[in-house]
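Please consult the sequence and the structure while reading.

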Amino acid sequence: MNTGFMIITNNPLVKEKLGEDYHVEYEELSYEDTLKKVQKMIFQGYRLLTHPLSGSVKPNETPYKSVMLSETPEGLDAQAMQIIASAIQACGKFQFKSDLYKPQVYADFQLVDYTLISSALPSAETWR
């Protein structure tokens with residue numbers, strides 16, 4: 001399955017709904033650790049295709065994040081390095097709240113993240 005892009009996520013709903021049709025790399029990580037994984041990949045030359053702070057949910061208010069990257073390294077991008085560094089830094093600006101919610105709220109956060117990354121798929125199809 002060569003789609004030209006991959007999705008890095010800690011959201012099990014993204015893995016479940018998109019994992020059979022797209023290259024989805026799922027790990028049980030925190031929001032911030034997911035961004036750090038994306039950062040390592042950007043430093044390896046993968047191109048950032050979706051903004052790591054997409055949506056209106058603040059870092060540390062949701063436990064889930066999905067980010068789209070090129071499927072293969074394409075070279076270093078200074079702007080992408082700055083974007084991901086700023087996103088990781090933003091995590092420290094907000095109080096960690098994602099462990100304070102009732103269990104049913106997590107399904108809502110999964111759906112929000114899934115909807116955001118799914119909305120990028122039509123554009124991603126043109127990157128092939």
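With which side chain does the side chain of S66 make a polar contact at 2.6 Å? One such partner is the side chain of D113; a polar contact is a pair of N or O atoms within 3.5 Å, where within protein one must be able to donate a hydrogen and the other to accept it, and residues adjacent in sequence count only if both atoms are side-chain atoms. The side chain of T9 also makes a polar contact with that of S66, at 2.6 Å.

The model is predicted, with local features requiring pLDDT of at least 70 and side-chain atom pairs pLDDT 80 or more, while totals for chains, interfaces and linings use all residues. Residues are numbered from 1 along each chain as its sequence is written, and side-chain values use heavy atoms, without hydrogens and water.

S66 lies in strand β3, residues 66–70 (strands are DSSP runs of E, at least two residues, and helices runs of H or I, at least four, numbered from the N terminus). S66 is buried, at 3% relative accessible area (buried means under 20%, with a 1.4 Å probe and protein chains only). Beyond neighbours within four places in sequence, its contacts (heavy atoms within 4.5 Å) are I7, I8, T9, N11, V14, D113 and I117.

Elsewhere, helix α2 (residues 31–43) packs against helix α3 (residues 78–91) at about 165°, with axes 10 Å apart; axes are lines fitted to C-alpha atoms over the stretch in contact, and angles run from 0 to 180 degrees between N-to-C directions. Therefore α2 is roughly antiparallel to α3, a term for angles over 145 degrees.

Terms used
Angles under 35 degrees count as roughly parallel, over 145 as roughly antiparallel, 65 to 115 as roughly perpendicular and the rest as oblique. Buried means under 20% relative accessible area, exposed over 50%, partly exposed in between (1.4 Å probe, protein chains only).
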